[in-house]
Amino acid sequence: MQRLDPALEQHLMVVMPHPDDESFSSGGTMALASDAGVPVTYLCGTYGDMGRRMGSPFFANRESMRDVRERELAEACRVLGARYELLGMRDRTVEFEDPHAVAARVREAIERLRPSTVITFYPGHAVHPDHDAMGLATKLAVDGLEGQHPQLLGVAVGDREQLRKLLGPPHVAVDIRRMRQRKLDALMAHRSQTEMMFQRWQKAGEDDEQTRYFREVLMVVERFYRLNGVSVPADG
Amino acid sequence: MRPIEPKEVQAELDARLRRDVYLHLETTTGSYTALGPEKTQPVIAYVRNALVRYERGRITGEGPYRVGLKLSGGWVYAQGLTDFEVTERAELLLAGHDHEGNLRVALQLSVRPFRE
């Protein structure tokens with residue numbers, strides 16, 4: 001596995017469908033880049049307005065959720081030193097849009113911002129259909145660029161043993177231990193979505209498998225697959 | 001939102017009787033059940049901004065509650081409703097939450113379309 005130093009990037013861009021995907025998958029990497037003066041942009045596909053988590057105790061509802069989550073996103077991005085843009089699609093609908101039309105919008109942002117690295121989800125290996133669809137659109141966007149291509153990194157989600165069997169070990173790793181608190185703060189900014197999770201982990205203690213995963217993996221290292229030149233399911 | 005008061009909800013249902021109203025109907029297990037201890041596939045469905053007109057609409061049960069809307073040629077039904085709110089835009093929101101505050105079912109009615 002190769003170490004990636006986010007401080008050496010020219011511009012780091014993350015393209016994912018929901019407010020909070022950026023913090024879970026790449027929050028540490030984003031903070032390391034922005035602290036080194038690297039511009040960081042989160043291109044977020046949807047408002048996350050069909051989430052079922054409403055806070056614990058719940059404070060959001062189906063109709064207020066869109067504004068609640070945009071405010072949370074703004075705060076998380078402030079914590080991570082990133083700016084964000086929203087593509088404004090509806091949650092859960094990304095896979096039903098024309099992938100080439102979504103790709104065209106992602107490509108427009110890439111051509112405008114000229115990132116050196118783009119992080120998205122690994123299409124076909126990201127559990128949530130919106131993740132897979134946003135990953136595919138981003139892959140299509142990068143593949144269709146004229147001239148220089150940014151490095152394209154994919155986040156795989158799910159059972160780690162299973163993923164290792166299917167895809168091999170991740171290609172790139174970022175040590176984020178220095179940014180533990182910042183990643184935690186960003187996740188907490190997504191309060192409607194994460195409050196319940198933090199409460200559950202507090203109750204479960206060290207023995208709980210999810211709590212261990214959180215402490216020993218999620219807050220320690222962020223791992224990515226290089227997607228340039230890889231053919232992905234449903235490509236083209 | 002606050003716990004359902006059946007009388008208040010019944011009055012809200014009556015206020016929208018026999019006119020075109022926009023419906024949001026939804027049920028969800030969440031997207032990540034396959035990763036959780038239950039290891040089941042997610043089941044999610046929603047309809048947003050379907051235009052309906054009902055000639056009878058009732059809320060029943062002791063809580064969680066059920067709502068049935070009798071259309072001229074069909075039905076709208078939801079079970080497991082626990083909380084409600086009438087928004088500033090006069091939308092009637094009914095939802096069922098689990099013990100952790102997650103939404104499990106929603107039935108919403110509005111004279112104006114819900115935000116797309």
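This is a predicted model: local features need pLDDT of at least 70, side-chain atom pairs count only at pLDDT 80 or more; totals for chains, interfaces and linings use all residues.
Residues are numbered from 1 along each chain as its sequence is written, while chains are lettered from A and ligands numbered from 1 in the order in which they are written.

Chain A comes first. It has 8 helices and 8 strands, where helices (H or I, at least four residues) and strands (E, at least two) are DSSP runs numbered from the N terminus. Its radius of gyration is 17 Å, close to the 18 Å that the globule rule gives for 236 residues, so chain A is as compact as a globular protein of that length. Here the radius is taken over C-alpha atoms, and the rule is 2.2 Å times the number of residues to the power 0.38. The C-alpha trace of chain A spans about 50 × 40 × 35 Å along its principal axes. Of the 236 residues in chain A, 49% are buried; a residue is buried if 20 or more other C-beta atoms lie within 10 Å of its own, exposed if 12 or fewer, and partly exposed in between, with C-beta atoms placed from the backbone. Among the contacts in chain A with a separation of 6 or more, 81% are between residues 24 or more positions apart. Two residues are in contact if their C-beta atoms, placed from the backbone, lie within 7 Å.

The strands of chain A build an open sheet of 8, in the order E1-E7-E8-E6-E5-E2-E3-E4, with mixed pairing. Strand E1 (2-3) and strand E4 (83-89) of chain A are the edge strands, each pairing on one side only. Two strands pair if DSSP finds at least two bridges between them. E5(A) and strand E6 (residues 151-155) of chain A run parallel and are joined by 5 bridges, and Thr120(A) stands opposite Gly154(A) in E6(A). H4(A) lies across strand E2 (12-16), E3, E5 and E6 of chain A, and runs at about 150° to E5(A). For such angles, axes are lines fitted to C-alpha atoms, for helices over the stretch in contact, and angles run from 0 to 180 degrees between N-to-C directions.

There is also a helix pair to look at. Helix H2 (residues 65-80) and helix H6 (residues 180-189) of chain A have axes that come within 8 Å and cross at roughly 170°. That makes H2(A) roughly antiparallel to H6(A); angles under 35 degrees count as roughly parallel, over 145 as roughly antiparallel, 65 to 115 as roughly perpendicular and the rest as oblique. On the H2(A) side, Glu72(A), Glu75(A), Ala76(A), Val79(A) and Leu80(A) meet Arg182(A), Asp185(A), Ala186(A) and Ala189(A) in H6(A). By class, this contact has 5 nonpolar, no polar and 4 charged residues. Ala, Val, Leu, Ile, Met, Phe, Trp, Tyr, Cys and Pro count as nonpolar, Asp, Glu, Lys and Arg as charged, and the others, Gly among them, as polar.

Chain B has 1 helix and 9 strands, and its elements run β-α-β-β-β-β-β-β-β-β from the N terminus on. For 116 residues a compact globule would have a radius of gyration near 13 Å, and the 15 Å of chain B agrees. Its C-alpha atoms fill a box of roughly 45 × 30 × 25 Å along the principal axes. In chain B, 28% of the 116 residues count as buried, and residues 24 or more positions apart account for 49% of the contacts with a separation of 6 or more.Where the chains meet, chain A contributes 16 residues and chain B 22 residues. The chain A side of that contact has 6 nonpolar, 5 polar and 5 charged residues.

On to the backbone. Most residues other than glycine have a negative phi, and most peptide bonds are trans. A cis peptide bond joins Ser56(A) and Pro57(A), with omega about 0°, and Pro57(A) lies in the loop between strand E3 (40-46) and H2 of chain A. The bond from Gly63(B) to Pro64(B) is cis too, with omega near -5°; Pro64(B) lies in the loop between strand E4 (54-60) and strand E5 (65-71) of chain B. Val127(A) has a positive phi, near 65°, and is found in the loop between strand E5 (117-121) and helix H4 (129-143) of chain A. Val127(A) counts as partly exposed because it has 17 C-beta neighbours inside 10 Å. Asn49(B), in strand E3 (residues 44-52) of chain B, has a positive phi near 65° and counts as partly exposed, with 13 C-beta neighbours inside 10 Å.
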